[in-house]
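Subject: The structure, and what turned up in it

Hi,

Here is the structure I said I would pass on.

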Amino acid sequence: MVNRILISRTDSIGDIILTLPMAGILKKHFPDCTIFFLGNDYTKSIIENSSFIDQFLNVKDLTIEGICQLELNAVIHVFPNKDVARLAKKAQVPIRIGTSHRVFHWVTCNKLISFSRKKSDLHEAILNLKLIQPLGIDSSYKVDDLPKFYGWKVSDTSFKEFATDKFNLVIHMKSKGSAAEWPVSNYMELVKTLPKVYQVYITGTKAEGELIQNECPEIMNLENVKDVTGLFNLKDFITFIGHADGLLACSTGPLHIAAASGIHALGLYPDQKPMHAGRWAPIGEKAQFIESNIIESNGKSYLNTDVQEVLSVIESWR
């Protein structure tokens, strides 16, 4: 019987969130199973925010002895990690699942699934589910099936920053270089065009806040804008987003947090593979995206998304 399963995904926030439905589906098919999730310090709050995860494990603390103590039946290597794969084999976990497209899995895994993420037209979350097939689970889920499998918890904590008589819109402009971004000047044009019923909160790290100030200092001084960059740790940021009315961002972790939280979430994406929305779109009951081409400006690449198109989607939320 499969009742103690480790999901291993040690990369970034968005990737982790798009893996969480796997845990919910495993719980559906094995209601009494215990699910461990292997991640890192940075993503701990994301992992622990799913009710389907029984225990977070930190990859930096992983040992053969620690794996043996878990008495695992199966490990699912969603994100290939050579060291984790070797440890799981040495610990003699009975079922070790991984993609056949990693050579080191040939000698560390005993259940290999053949598929290519780079060349696939499928969404990342759907591709993840191919890895549960060896456990006898039909993986023919659709993207629209997945929001209920997040197990996402929205805290009861309220934030005094939010206006009770406004539409509280979070805008996360930057991505630490992980995604194609929209020019700050376009965000400026959007915010200036928004009706007064919107209260805008600019989020990001402290460094990203300074970058925005350098690129477009006027945006932080607008009457309907509050600069909250650098104010939150990840746990509090999750709560903050969960109590907002909507969020606008490019393909970043905060966008996926918003989608999982069930609030309005609009993602801006390039129309080219493998970065396109078909692969990385936010998944949620109120999640949407806009795709556009990429243009070059001052030696940098930017999304060529039309401001009026973004405004139209946001206005439809009211």
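V184 is in contact with M173, K174, I212, E215 and C216, leaving aside its neighbours within four places in sequence. You will find V184 in helix 8, and it counts as buried because its relative accessibility is 3%. If you want a sense of scale, V184 and F115 are 69 residues apart in sequence and 38 Å apart in space, C-alpha to C-alpha. Bear in mind throughout that this is a predicted model.

Two of the residues that V184 touches, K174 and E215, also pair up with each other. They form a salt bridge, with the closest N and O atoms 2.9 Å apart. This pair links distant parts of the chain: K174 is in the loop between strand 7 (167-172) and helix 8 (184-193), while E215 is in helix 9 (residues 206-215), 41 residues apart. K174 counts as buried, at 8% relative accessibility, whereas E215 counts as partly exposed at 36%.

On to the other salt bridges. How many does a search of the whole structure find? There are 11 salt bridges. Salt bridges that share partners join R9, D11, D15, R117, E124 and R279 into one network. Within that group, the side chains of E124 and R117 meet at 2.9 Å, N to O, and both E124 and R117 are buried.

K273 and D121 make another salt bridge, at 2.2 Å, N to O. Here too the pair links distant parts of the chain, 152 residues apart: K273 is in the loop between strand 11 and helix 12, and D121 is in the loop between strand 6 (111-113) and helix 7 (124-129). K273 has 49% relative accessibility, so it counts as partly exposed. D121, with a relative accessible area of 53%, is exposed.

Stay at K273 for a moment, as the backbone there deserves a look. A cis peptide bond joins K273 and P274, with omega about 0°. P274 is found in the loop between strand 11 (264-270) and helix 12 (277-280).

E71 has a phi of about 55° although it is not a glycine, and it is found in the loop between helix 4 (64-70) and strand 4 (74-77). Q92 has a phi of about 60°, and it is not a glycine either. Its place is in the loop between helix 5 (82-90) and strand 5. Are these residues buried or exposed? E71 counts as exposed because its relative accessibility is 59%, and Q92 counts as exposed because its relative accessibility is 63%.

Next comes R96, which lies in strand 5 (residues 95-99). R96 is buried yet has no salt bridge. Where is the nearest side chain of opposite charge? That is D83, 14 Å away, and a salt bridge needs the nitrogen within 4 Å of a carboxyl oxygen. What the side chain of R96 does reach is the backbone oxygen of V93, at 2.8 Å. Not counting residues up to four places away in sequence, R96 touches V75, A88, K89, T108, C109, N110 and K111.

Y269 is another side chain that reaches a backbone oxygen, in this case that of W280, at 2.7 Å. Y269 is in strand 11 and counts as buried because its relative accessibility is 0%. Y269 and A180 are 89 residues apart in sequence but 7.0 Å apart in space, C-alpha to C-alpha.

Last, the pockets. About 780 Å³ of space lies in the largest pocket. Its lining is made up of 33 residues, and those nearest the centre are S175, S178, T252, G253 and P254. Which elements each supply at least two residues of that lining? They are helix 1 (13-17), helix 10 (234-242), helix 11 (253-261) and strand 11.

Cheers

Technical notes. Residues numbered from 1 in each chain as written. Predicted model: local features only at pLDDT ≥ 70, side-chain atom pairs only at ≥ 80, totals over all residues. Heavy atoms only, no water. Helix = DSSP H or I, 4+ residues; strand = E, 2+ residues; numbered from the N terminus. Buried < 20%, exposed > 50% of the residue type's maximum accessible area, 1.4 Å probe, protein only. Lys, Arg positive; Asp, Glu negative; His and termini not counted. Polar contact = N/O pair within 3.5 Å; in protein donor to acceptor, adjacent residues only side chain to side chain. Contact = heavy atoms within 4.5 Å. 1 Å grid on protein atoms, 1.4 Å probe; cavity = no way out; pocket = protein on both sides within 12 Å on 5 of 7 lines; lining within 4 Å. Points joined across faces, edges and corners; volume = space filled by probe spheres on them.
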